Amino acid sequence: MKRYAAFLIVALSAALAAASPARAQSDEGVSRSHAWVTATVKGEGQPKGYVQYQNYCSMCHGEGGGKPGTLALQAKYKGQLPALLEKRTDLTPQLIKMYVRNGISVMPIFRKTEISDADLDAICAYLTRNNPK
Amino acid sequence: MRVPPGVRPADFADAVKQFEAAIGKEWVFTADEDVDLYRDSYSPFWHEIEEPIPSGAVAPESAEQVQAVVKIANQHKIPLWTISTGKNLGYGGSAPLLGGSVVLDLKRMNRVIEVNDKNHYALVEPGVSYFDLYRHIKERGLKVWIDPPDPGWGSPVGNSLERGGGYTPMRDHFDCHCGMEVVLANGDLVRTGMGALPNAKTWQQYKYGFGPYVDGIFSQSNFGVVTKMGFWLFPEPDAFLTGIVSVPKHDDLHRLVEIFATLINSNTVQATTTVVSPLSFSRDPELVALRAKGSIADLEDYAARKNIGYWSVSLPFYGAPKVIAAQWEYARDLFAAAIPGARFQDGPSYRFPLDADQLAKITNPVPFGVPSLQTFSVGGPRSQGHMWFSPIIPMTGDAVLEAQQVFDQVHKDLGDPGGSGSASFPIWSFFARAFVIIYFFPIEHDVEKNRRNREIFRRLVKTSAERGWGEYRTHTAFMGDISDAYSFNNHALRRLHESIKDALDPNGILAAGKCGIWPKSMRQERA
């Protein structure tokens, strides 16, 4: 995990970065990257857990086409709740950890060598950052 | 604490202490809540007593640590099961075949050691995912492509050792590897091919080195732990185009496949595609009724009226624009000369590199060397997981028709999952010269359904063997069944595998049971 953290470098790759303002980070800190694979990013100016979320979750739970987690939640909630996890305001760390460590539907279990407890705590912090206090 | 089979608790406790000393306490997992994370999320035995649960897991971060772990395991006769990124879902995931094994989790070995975009190769560790390697390449602006399989979270090392495939001209992953580093069961470290020459300059450029070429024995096997692997990469092509060929009659299939085989075997078409019957997709009630009735003449008539082909294939071409245009023209000439009524359509075409907007609009970026997980959104949300039945069939019209018949029956036996009334017909050219069928079996957290589906799967293995079809890869649950099918000369191949196993791993600590290869001590029990 430490070695992986060393891969987090500053610049977004020109090949991947969507330069237009519509793709920039919103005030909410939600990544509007539609990219299939987000470049490794530095966490400066981003909420805690944003980097981990991009690296480990966004391929399924990001925005844009072909994100199966978001699509599945769209089918499940039918608009009652945001399909995009980053926009939820009602998630709890217990719930997030349950899904990550147990899987659900085609989402498999994630081991500690993939997402460490520390990373998972950070992801929980990110996904609960907009919960009512 | 769970204990591996055949190991005394005191010996296991001792081994665990030694593992901890070798790689650090935090990377040795024995608590249930940590070890349960290694279950196969798509297990066909979920909740059943047969589901193989590990007794522990160890996660080294270097080849030296792997050597230490293997030596300790050998000393105590601890059965290990190696995973790379552990995402072999549909084929066993991160779980061992033998319950109670200790999983050797190589995810922390995630260094991209080198990517060279002048000679177009990479050298990586097992824990590197396709996502990792893609990021590495993009961030350095290197003009090479990787060849991802459908889900990008897997490992080039793990996937290639399983002999998986992708979509670009580098689609045969094992074929495209070049050089390995392997830790043997006795802890010895070997480099194959040119890697056996110290300071070799061509370890990732020339596959064979000198003397017997041993790389193959480490694929789909339990003869060693691969700790580094080289891969040839595709120089970023200039362009891509798809040419779609449709033919009107049922019997046109034979000439269609013959010409397709010529194009594939002459390297005119070098990528993965699928032969489909457009008539099997639609849920138009008229068509559903005609399919049920089974009259070929009626179906041909329907196809003509609706202006769709009876059979169709999309030919992918990668390369320089003038070259691929000429190759597509050549293909059209061949089909037109052989099949009256053959129709052609230009499909999507691109110039590379794609910009972010173009990439965002592509439904499936995997054939352009971009890893993703979009494959999980195909077919809509599912209740649980899947496993794959994947026989190799000849590249002939006869074989395709025979397969259609067999899988239509299986589809009925499975209760028509997806509700389309017919099999989805997955005939693919992942590997040169033969077709492979990648057939989807649903997995659910339902013991009765899983039991029934396992029986259908097993019957299918036997039926396929009778027809001369062997599977290219399978879930750990069926490795014994499929190994049994490869029985020429009283299972001579398995006896050869067992000889190698006994020589390289006499204590049988590596991946017991993988592809039907059991250590000597467990073989006697099974005799």
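## A guided tour of chains A and B

From the N terminus on, the elements of chain A run α-α-α-α-α-α. The secondary structure of this chain thus comprises six helices and zero strands, where helices (H or I, at least four residues) and strands (E, at least two) are DSSP runs numbered from the N terminus. The model is predicted: local features need pLDDT of at least 70, side-chain atom pairs count only at pLDDT 80 or more, and totals for chains, interfaces and linings use all residues. Residues are numbered from 1 along each chain as its sequence is written, while chains are lettered from A and ligands numbered from 1 in the order in which they are written.

**Chain A**

Of its 133 residues, 40% are buried; a residue is buried if 20 or more other C-beta atoms lie within 10 Å of its own, exposed if 12 or fewer, and partly exposed in between, with C-beta atoms placed from the backbone. Among contacts in chain A with a separation of 6 or more, 55% are between residues 24 or more positions apart. Two residues are in contact if their C-beta atoms, placed from the backbone, lie within 7 Å.

Next, select helix H6 of chain A, residues 117-127. Its buried residues are Asp119(A), Leu120(A), Ala122(A), Ile123(A), Cys124(A), Tyr126(A) and Leu127(A). They pack against helix H2 (50-56) and helix H5 (93-102) of chain A.

**Domains of chain B**

Turn to chain B and colour it by domain: domain 1 (9-105), domain 2 (112-235), domain 3 (239-352), domain 4 (386-481) and domain 5 (486-526). These bounds come from an automatic or database domain assignment. Show domains 1 and 4 of chain B, whose centres, taken over C-alpha atoms, are separated by 30 Å. Here 10 residues of domain 1 of chain B are in contact with 15 residues of domain 4 of chain B. The side of domain 1 of chain B that touches domain 4 of chain B has six nonpolar, three polar and one charged residue. Ala, Val, Leu, Ile, Met, Phe, Trp, Tyr, Cys and Pro count as nonpolar, Asp, Glu, Lys and Arg as charged, and the others, Gly among them, as polar.

**A helix pair in chain B**

Select helix H7 (residues 285-293) and helix H8 (residues 296-306) of chain B, which pack at an angle of about 155° with their axes 8 Å apart. That makes H7(B) roughly antiparallel to H8(B). Display the side chains at the contact: Leu287(B), Leu290(B) and Lys293(B) in H7(B) meet Asp298(B), Leu299(B) and Tyr302(B) in H8(B). By class, this contact has four nonpolar, no polar and two charged residues. Axes are lines fitted to C-alpha atoms, for helices over the stretch in contact, and angles run from 0 to 180 degrees between N-to-C directions. Angles under 35 degrees count as roughly parallel, over 145 as roughly antiparallel, 65 to 115 as roughly perpendicular and the rest as oblique.

**Loops of chain B**

Centre on Asn199(B), in the loop between strand E9 (189-191) and strand E10 (225-232) of chain B. Asn199(B) is not a glycine, yet has a positive phi of about 60°. With 5 other C-beta atoms within 10 Å, Asn199(B) is exposed.

Continue to Ala511(B), in the loop between helix H14 (488-504) and helix H15 (520-526) of chain B. Ala511(B) has a positive phi of about 40°, although it is not a glycine, and is buried, with 26 other C-beta atoms within 10 Å.

Finish at Pro353(B), in the loop between strand E15 (343-351) and helix H10 (356-361) of chain B. A cis peptide bond, with omega about 0°, joins Phe352(B) and Pro353(B).
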